[in-house]
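Q: Hi! Could you walk me through a protein model I have open on my screen?

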Amino acid sequence: MSGVLNDVRDYTEGYLQVLWQNRLYVYSTAAVLIGVWFTVNMLFKKKKMVHPVSPPASKSVKKQEPASGAKKVIHVSGVKVFYGSQTGTAKGFAKELAEDVIAQGIQCEVIDMKDFDPEDRLAEECTSKIICVFLVATYTDGQPTESAEWFCKWLQEASTDFRYGKTYLKGMRYAVFGLGNSVYVGHYNTVSKSIDKWLWMLSAARIMTRGEGDCNVVKSRHGSVQADFQAWKGKFLNRLQALAKGEKKACSGNCKKASCKNKKKHKEEAEDNHSLAEKNNSEEELMESSSDEESSSEDEKSHGSVIDMEDLGNVMNHMKKAKQRMEEDEEDSQRVKQNGERKSECEEERREMITPALRDSLTKQGYKLIGSHSGVKLCRWTKSMLRGRGGCYKHTFYGIESHRCMETTPSLACANKCVFCWRHHTNPVGTEWRWKMDPAEKIIQEAMENHRNMIRQFRGVPGVRPERFEEGLTVKHCALSLVGEPIMYPEINSFLKLLHQQNISSFLVTNAQFPEEIRSLVPVTQLYVSVDASTKDSLKKIDRPLFKDFWQRFLDSLRALGEKQQRTVYRLTLVKAWNVDELKAYADLIALGQPDFIEVKGVTYCGESSASSLTMANVPWHEEVIYFVQQLANLLPDYEIACEHEHSNCLLLANHKFKVDGEWWTWIDYERFQELIQQYEESGGTKNFSAMDYMAKTPSWAVFGAGERGFDPTDTRFQRKNKTKDISGC
């Protein structure tokens, strides 16, 4: 028995030893068998997935109808339009887009970003088959609007937070359209670019490249931000329709595989659309995103990967062509600048400052628009003085006949976006003249004609004094303070000369951002500079200037004002809690420009505006303005409070040189000014004159401390009851 066991053991040991010695062959055989099994299994499964298509037996056989219970595949379940708006433009675009989407039979929801919590809800869009559209405006210093602030803050943090991961929004589909103004060189459409980038970093997929709307009509691709949006909207709706049908991006025709079924179709379409593609090439460039991290639409599904070597040549060629176009454009612009070639052609190509949307808006506000960049409007004080109810503060301070004053501007554009702007920032902005230009003769002629027509509307109105109505038809004064920056108008000197030739005095207001233009300005009856703040930080906060070197320009403008020999004025607007605590700084600025007069006025609240945070709480009481002026006068040994106009919440500080024998001479001898300006023109500018040469005595009722408090006793004070206050005026 033991012998049998020994034989079995020896046999087993020998067998195992052979296996061990040949273990490499055993392992290889096993691996091959497993591989064969796996391959056969995969082929079998693949064969099951393929549905065989039976050829039709004959032409008469109808196509088999799908089963009535078959479930329809939904590729787009709806659209959500998110908007971040400050002035309401983006909100209006969002509603307009929603209406067009619904018209295509697709559900659409408009969402204000301030009412949406991205932390809790944004990830839901990854699996909902919803298309998310973001319409966002860029606000001051490239920051998001108040309503979009939290959304952007969260999205920025999530894009770099490892806890969310790079694929947090994978599956979400989106499109972005930004609203901005290219005059803000360093901040143009930064919010839309950032949102596009952050979504991309979280693996969301663009359905189309980002669109950019430009409020600067000069640089806008289609002439206005509204036109830019319309162009982008059309492309979006076409893309949405294709996605709803389950179509992918159309093949470009440059197929890598020779077996492309659409090759013939591409060839035919290429021949038909070659000219059209060239025409629309510039429009397509607007829609291209400028983010460095962006990938093309074809690479959206595999974004984050490196560029395919096969595509590298196309990318390099595209960059080379773009660089070549830029160099050609630069050469053309330099050639035009050096040789003056094609000047008339460039003038024709320039766009109008007033877009159709802006024209409608300003017309509704009562403006009579002139040409492509000017306007005139009837001041509330003109209406008041026609009816014997008192004149404006210029009547009290300088003797203007308010019913004979025309308020106009040759330039609706401005270089600031002040928080207390009367026009709620509906006017265009810019740092230089880039628009079509109307001649000064046309502007003055149409301005006076429109002004007279508005005066004629008061014929027969109860309370209008007949003698003042007749006088009002003849313009005697022109207040260039309606809106915008008149000094930006390239022919401002010709404009002023034409006014003086018609015996019209000139009161020009500038925002202290164009020092060289101030220096080259011909004499005016009275030149104003708005001094809205006394420090760099507060000026940036209140005026929101476009120039990066705004503070240096501001100081240089004050120096330029000090070089003028005619009457000069600082115009201070007090905004409570913003600029009323800067007395010493104001005194330093006054010493810099040494103006003849300083007007100090409490800010006028023009109603609620989404473009400004100003409220009634920022409007100082008249007694508070008086206190401020008294404190300021204590720091200015050469100035004293001369006049007051309580109804306008305004006081006048005057230099002591206008106080003769204890009496103030702040009024203007307008006939004498016309004589002096005529002599100046006839002498070719050699016979100059100063502010002292055409001053007139101030009546007692206009002097500070008088019982009338600046109200002309020849008129009757009218108190409104339960009526909305008219806040328009110069």
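Q: Great. What kind of model is this, and how are residues numbered?
A: This is a predicted model, where local features need pLDDT of at least 70, side-chain atom pairs count only at pLDDT 80 or more, and totals for chains, interfaces and linings use all residues. Residues are numbered from 1 along each chain as its sequence is written, and side-chain values use heavy atoms, with hydrogens and water left out.

Q: How many helices and strands does the protein have?
A: There are 23 helices and 20 strands. Both are DSSP runs numbered from the N terminus: helices are H or I with at least four residues, and strands are E with at least two.

Q: And what share of the residues is buried?
A: Of the 730 residues in the protein, 46% are buried. Buried means under 20% relative accessible area, exposed means over 50%, and partly exposed is in between, using a 1.4 Å probe and protein chains only.

Q: What about contacts between residues at least 6 apart in sequence?
A: Of those contacts, 77% join residues at least 24 apart. Contact here means heavy atoms within 4.5 Å.

Q: Let's zoom in. Where is Y174, and is it buried or exposed?
A: Y174 sits in strand 4, which covers residues 173-180. It counts as buried because its relative accessibility is 1%.

Q: What does the Y174 side chain make a polar contact with?
A: With the side chain of D196, at 2.7 Å. A polar contact is a pair of N or O atoms within 3.5 Å; within protein, one must be able to donate a hydrogen and the other to accept it, and residues adjacent in sequence count only if both atoms are side-chain atoms.

Q: Which other residues does Y174 touch?
A: Leaving aside neighbours within four places in sequence, the contacts of Y174 include C132, F134, L199, W200 and M208. A205 is also one of them; Y174 and A205 are 31 residues apart in sequence, and their C-alpha atoms are 6.3 Å apart in space.

Q: Now T396. Which helix is T396 in?
A: T396 belongs to helix 14, residues 393-398. With 0% relative accessibility, T396 counts as buried.

Q: What does the side chain of T396 reach?
A: It reaches the backbone oxygen of G710 at 2.7 Å. Beyond neighbours within four places in sequence, T396 is in contact with G710 as well as E644, H645, W667, T698, W701 and A702.

Q: Where do N189 and R544 lie?
A: N189 is in the loop between strand 4 and helix 6 (190-201), while R544 is in the loop between helix 19 and helix 20. N189 is buried at a relative accessible area of 0%, and R544 is buried at 12%.

Q: So how do helix 19 and helix 20 pack?
A: Helix 19 (residues 536-543) and helix 20 (residues 550-562) pack at an angle of about 100°, with axes 10 Å apart. That makes helix 19 roughly perpendicular to helix 20. Angles under 35 degrees count as roughly parallel, over 145 as roughly antiparallel, 65 to 115 as roughly perpendicular, and the rest as oblique. The axes are lines fitted to C-alpha atoms, for helices over the stretch in contact, and angles run from 0 to 180 degrees between N-to-C directions.

Q: Which residues meet there?
A: K536, L539 and K540 of helix 19 meet F550, W551 and F554 of helix 20.

Q: How about helix 15 and helix 17?
A: Helix 15 (residues 440-456) and helix 17 (residues 492-501) pack at about 45°, with their axes 9 Å apart. That angle makes helix 15 oblique to helix 17. Their contact is made by A440, E441, I443 and I444 of helix 15 with S494, F495, L498 and L499 of helix 17.
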